[in-house]
Amino acid sequence: MTTVRAPGVWKRSANLRVGFLYLLPSIILFSVFLFYPMIRTIYLSFFLTDQNGNAAVNVGFENYSYLLTSPAFLNSMKATGLFVLYTVPIGIILALFFALLANEKLKGIGFFRTMYSSTMGISVAASSVIWLFLFHPSVGLFNRILLAINLPQIQWLLDPEWALVSIAISTIWMNTGFSFLILLGGLQNIDEHLYESSRIDGAGYFYRLRRITIPMLSPTLFFIITISLINAFQTFGQIDILTKGGPSQSTNLIVYSIYREAFINYQFGTASAQAVILFIIILVVTVLQFKLLEKKVHYQ
Amino acid sequence: MRDSTLKKVWIYFLLIVTSVMVFFPVLYAFMISFMSGPEILQGKFFPESFKFDNYLKVFDRLPLVKYLLNSFIVSLTVMVGQLAVCSLAAYAFVFIPFKGRDFVFFIFISTMMIPWEATMIPNFFTIQKLDWLNTYQGMSLPFFALAFGTFLLRQHFKTIPKELQEASQIAGLSRFAFFWKVILPVSKTSLVTLGAYGFLTTWNMYLWPLLITTNSSVRTVQIGLKQLQSQEMSTDWGVVMAGVIVVIIPTLLLLFIGQKQLQKGLSQGALK
């Protein structure tokens, strides 16, 4: 930098000023579209609002106490919890299985890798429309198969018992591509030499998987578990297209509930309180993840 | 080596079965998109012929060309914006040492813990007050700053030898010239990864366009799909699937071309 010889502090702070300049676009955007709205959301959660989202009456913690005793919200929390439980473990195990298969050095493996990762290129809206058809009560593929093998048909998206499971199945499929890509990348970063020495020792495939692959993959697994958890809590598009939160609220996951409360019922106060609860849940999950797994993760 | 041949057959078998299962819904949608109503009712897998009737119909029923164009504009804008904003920030985090830098970086990373959905209500009103509903800037600007992108690029910038900076200082390059002429060109791979990631995620975005588009002027294809599906409910699945195929082709192509790159780049960002 061609700074004019100015005395002391000004010159010494040159790096600070320039560095700040480079960070400025990010800082402004984060402030306007992330920090301000987060604070505003917390603020609004203590108010009743008018139609334009302005704070009207300060009600203290009433929005929260209302939510925590409201059967509808508790039901939405329960559905969200179940949904996370249904999608995250199975989704990751499936993606890991695919990644292990696709990590074999075989002819034409690139083709299979492309197939496995394909769902990452398919939007939530497009996937949901495809699955809406697959789940269709009469023309859908699943009921045709059930019919063909003489099993009773299922009202996938219309039955409160099945709707959440159906959404979970379609979501697992949607997320496979991304998880697969990340896990495959992790597998390929494992040092070949580790396997070579174990092969000489005559170790079997599953022994190597347990003793080398999984421990060496643990940072990647840790990353993808965290991302998958956060994503599961943020599920929206498939709900909007497949069930609209129904039947009888069984798929009213938290983000959908926030959306409805805010933009359909215009209850911005309680919607904000729900948003704050979502924020706290994600914060706790992430921090817990770090605390629990940090010790167990093996870094190269 | 009979043992290893057997193993190979076994792996190929699993590869084929599972990858077909994963790709099946897309393939099925593709087949349906060529079928007429009665064919779909019969539950066939292959259409009688590959006619483009449904495709013509879907372009007729929705301003799909307009939506595609909108999606392209928004995705490209976000991509370029993210690359610019994130690379500038990442550069500062690696090449400009100043007091408190680690703290600022920590703040950046902690933004990843704020779910975007928790901020959408005030964001909607911000955009409304700026009179940016139904505008390209309203659709794209909120997504320019990205902690993940900054982190990804920072990881790559850190691998660039510091000697390069000293040499460029001796050669009399200004800081910005060093950034523009040296750092960006040698980081092409990470920039491509982030670019593809940004394009893909923006193209597939659903909730934000749903909130801030009230007419077709900047509406994206994803919302078009929602419209199509709710208009056509139970009637014309062939047309709906034609819409789906049109919408997923650009991103699938992008993914097929950049799969290797994306996987390498993303896992690097995830690890180091």
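In helix α8 of chain B, the buried residues are Ala147(B), Phe148(B), Gly149(B), Thr150(B), Phe151(B), Leu152(B), Leu153(B), Arg154(B), His156(B) and Phe157(B). A residue is called buried here if 20 or more other C-beta atoms lie within 10 Å of its own, exposed if 12 or fewer do, and partly exposed in between, with C-beta atoms placed from the backbone. Helices (H or I, at least four residues) and strands (E, at least two) are DSSP runs, numbered from the N terminus. Since 10 of the 11 residues of α8(B), which covers residues 147-157, are buried, this helix is largely enclosed by the rest of the structure.

The model is predicted, so local features need pLDDT of at least 70 and side-chain atom pairs count only at pLDDT 80 or more, while totals for chains, interfaces and linings use all residues. Residues are numbered from 1 along each chain as its sequence is written, and chains are lettered from A and ligands numbered from 1 in the order in which they are written.

Chain B contains 14 helices and 0 strands, and from the N terminus on its elements run α-α-α-α-α-α-α-α-α-α-α-α-α-α. Of its 272 residues, 44% are buried. The radius of gyration of chain B is 23 Å, whereas a compact globule of 272 residues would have a value near 19 Å. This radius is taken over C-alpha atoms, and the globule rule is 2.2 Å times the number of residues to the power 0.38. Along the principal axes, the C-alpha atoms of chain B fill a box of roughly 75 × 70 × 35 Å. Two residues are in contact if their C-beta atoms, placed from the backbone, lie within 7 Å. Among contacts in chain B between residues at least 6 apart in sequence, those joining residues at least 24 apart make up 78%. Chain B is divided into domain 1 (1-32) and domain 2 (48-271), with bounds that come from an automatic or database domain assignment. The centres of these two domains of chain B, taken over C-alpha atoms, are separated by 32 Å.

Chain A has 13 helices and 2 strands. Its radius of gyration is 25 Å, well over the 19 Å that the globule rule gives for 300 residues, so chain A is more spread out than a compact globule. The box filled by the C-alpha atoms of chain A, taken along the principal axes, is roughly 65 × 65 × 30 Å. Buried residues account for 42% of the 300 residues of chain A. Of the contacts in chain A with a separation of 6 or more, 67% involve residues 24 or more positions apart.

The domain assignment of chain A gives domain 1 (8-58) and domain 2 (70-294), whose centres, taken over C-alpha atoms, are separated by 33 Å. Contact between them involves 9 residues of domain 1 of chain A and 7 residues of domain 2 of chain A. On the domain 1 side, α2 (14-44) and β1 (47-49) of chain A each supply at least two residues. By class, that side has 4 nonpolar, 5 polar and no charged residues. Here Ala, Val, Leu, Ile, Met, Phe, Trp, Tyr, Cys and Pro count as nonpolar, Asp, Glu, Lys and Arg as charged, and the others, Gly among them, as polar.

Within chain A, 11 of the 11 residues of helix α6 (residues 124-134) are buried, so α6(A) is largely enclosed by the rest of the structure. Among them are Val124(A), Trp131(A) and Phe133(A). Ser76(A), which lies in helix α4 (residues 71-102) of chain A, counts as buried with 26 C-beta neighbours inside 10 Å. Not counting residues up to four places away in sequence, Ser76(A) touches Asn252(A), Leu253(A), Ile254(A) and Ser257(A).

Helix α5 (residues 109-117) and helix α8 (residues 163-188) of chain A pack at an angle of about 135°, with their axes 7 Å apart. Axes are lines fitted to C-alpha atoms, for helices over the stretch in contact, and angles run from 0 to 180 degrees between N-to-C directions. The two helices are therefore oblique to each other, given that angles under 35 degrees count as roughly parallel, over 145 as roughly antiparallel, 65 to 115 as roughly perpendicular and the rest as oblique. In this packing, Arg113(A), Tyr116(A) and Ser117(A) of α5(A) meet Thr176(A), Gly177(A), Phe180(A), Leu181(A) and Leu184(A) of α8(A).

Between the chains, the contact takes 72 residues from chain B and 78 residues from chain A. Helix α14 (residues 237-271) of chain B provides the largest share of the chain B side, 18 residues. The residues of that side divide into 49 nonpolar, 16 polar and 7 charged.
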